[in-house]
Amino acid sequence: MTAESSALYDIPGPRALARHRLYGLLALVAIAALIGWIVYMLFHTQQFTYEKWMAFEYEGVQDLLLRGLGNTLKAFGWTVLFALPFGALFAAGRLSDHRVVRLFSTVVVEFFRAMPLLVMIFFIFVALKVEPLWALVAGLVLYNGSVLAEVFRAGVLAVPPGQREAAYALGMRKTQVMAYVLVPQANRAMLPAIISQLVVALKDTSLGFLITYEEFLHAGKLIATNLDYDLPFIPVVMVIAPVYIGMCLLLSWLARWVERRSRRSPRMRGGAPVAEAEVSMGLPPAGQEPPPL
């Protein structure tokens with residue numbers, strides 16, 4: 001929104017601009033001071049000494065971290081594979097014209113959205129005697145799939161109703177309207193929320209260490225608690241945290257890449273351009289009869 005077209009806020013004057021610059025400078029100083037204090041405390045508590053980082057030179061420790069990272073990606077992959085169809089299925093159920101189907105889908109989605117994720121994982125692992133990997137995946141699918149169901153439903157309902165009415169007027173069935181009209185238009189609006197929920201699912205795989213699933217955080221915990229020297233919790237965190245952050249940033253980059261491709265896609269832009277009609281003004285050339293009215 002440009003300053004000229006703003007109808008909600010006044011254009012800041014010289015004093016307001018000066019205050020904004022002052023607030024920005026104070027915030028920058030405060031952030032720099034906080035970062036400086038954290039770095040000072042890390043050096044003061046000797047977190048960068050060789051003794052606390054030498055463990056990462058061992059091949060066994062590296063294999064443990066790589067195996068934990070692979071298990072984290074495995075749990076995340078299975079979660080995405082099942083959560084997206086789960087969300088799409090129950091979103092379609094909530095949009096159904098049949099009252100029984102709509103009521104059942106609503107109860108399932110609202111129940112698993114309200115149930116704490118850790119409680120579901122423990123219940124599946126302890127009460128149902130499921131293996132740690134599948135107990136973790138089942139809990140993540142039930143929770144994140146329910147949230148995605150609401151995302152899908154909201155995205156479809158956000159499409160202007162005229163699109164649905166026009167499709168029905170052309171003789172399309174409801175399945176065709178959903179598949180060819182509503183869902184393609186809702187995809188672009190739903191994509192940021194879908195990626196955000198997948199990032200949440202990726203981070204929630206760390207709950208697997210509570211049920212002894214050997215994922216990435218569990219591997220870091222083993223390293224920090226099974227060495228003979230002073231417990232290197234901070235170095236382990238400084239190794240694990242950037243990996244999680246990098247994976248989440250990679251998902252965000254993937255979402256932006258998909259969004260850019262969808263904008264360039266002819267199917268998303270409405271197909272091939274229509275040729276402009278040629279219109280000539282004035283009298284017809286000599287010897288040519290005017291077209292009949």
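A residue is taken as buried when its relative accessible area is under 20%. In this predicted model, Phe-90 has a relative accessible area of 12% and is therefore buried. The ring of Phe-90 pairs with that of Phe-104, the centres being 6.4 Å apart. Because the two planes stand at 35°, the pair is classed as tilted. Phe-90 belongs to helix 3 and Phe-104 to helix 4, so that the pair joins distant parts of the chain, 14 residues apart.

Apart from neighbours within four places in sequence, the contacts of Ser-96 are Val-101, Arg-102 and Lys-174.

In total, 8 aromatic pairs were counted. Among them is the pair of Phe-43 and Phe-48, with a centre-to-centre distance of 4.8 Å and an angle of 40° between the planes, again a tilted arrangement. Phe-43 is exposed, at a relative accessible area of 54%, whereas Phe-48, at 36%, is partly exposed. Elsewhere, Trp-78, Phe-82 and Trp-134 are linked by ring pairs into a cluster.

The largest nonpolar core comprises 58 residues, of which Leu-65, Phe-76, Leu-136 and Ile-194 touch the most other members. Two or more residues of this core come from each of helix 3, helix 4, helix 5 (117-127), helix 6 (132-157), helix 8 (174-204), helix 9 (216-225) and helix 10 (233-264). When neighbours within four places in sequence are set aside, Ile-194 is in contact with Leu-84, Leu-148, Val-151 and Phe-152.

Two of the helices that contribute to the core, helix 6 and helix 8, pack against each other with their axes coming within 8 Å and crossing at roughly 145°. The crossing of helix 6 with helix 8 is right-handed. On the side of helix 6, the contact is formed by Leu-136, Leu-140, Tyr-143, Asn-144, Val-147, Leu-148, Val-151, Phe-152, Gly-155 and Val-156. Helix 8 supplies Met-178, Leu-182, Ala-186, Met-190, Ala-193, Ile-194, Gln-197, Val-200, Ala-201 and Asp-204. By residue class, this contact between helix 6 and helix 8 consists of 16 nonpolar, 3 polar and 1 charged. Leu-136 and Ile-194, which are among the core residues that touch the most other members, both take part in the contact, Leu-136 from helix 6 and Ile-194 from helix 8.

How values were computed:
Residues numbered from 1 in each chain as written. Predicted model: local features only at pLDDT ≥ 70, side-chain atom pairs only at ≥ 80, totals over all residues. Heavy atoms only, no water. Contact = heavy atoms within 4.5 Å. Phe/Tyr/Trp six-rings, centres within 6.5 Å; stacked < 30°, edge-to-face > 60°. Buried < 20%, exposed > 50% of the residue type's maximum accessible area, 1.4 Å probe, protein only. Helix = DSSP H or I, 4+ residues; strand = E, 2+ residues; numbered from the N terminus. Core = buried A, V, L, I, M, F, W, Y, C linked by side-chain atoms within 4.5 Å. Axes fitted to C-alpha atoms, helices over the stretch in contact; angles between N-to-C directions. Left-handed = near helix turned anticlockwise from the far one by under 90°. Nonpolar A, V, L, I, M, F, W, Y, C, P; charged D, E, K, R; others polar.
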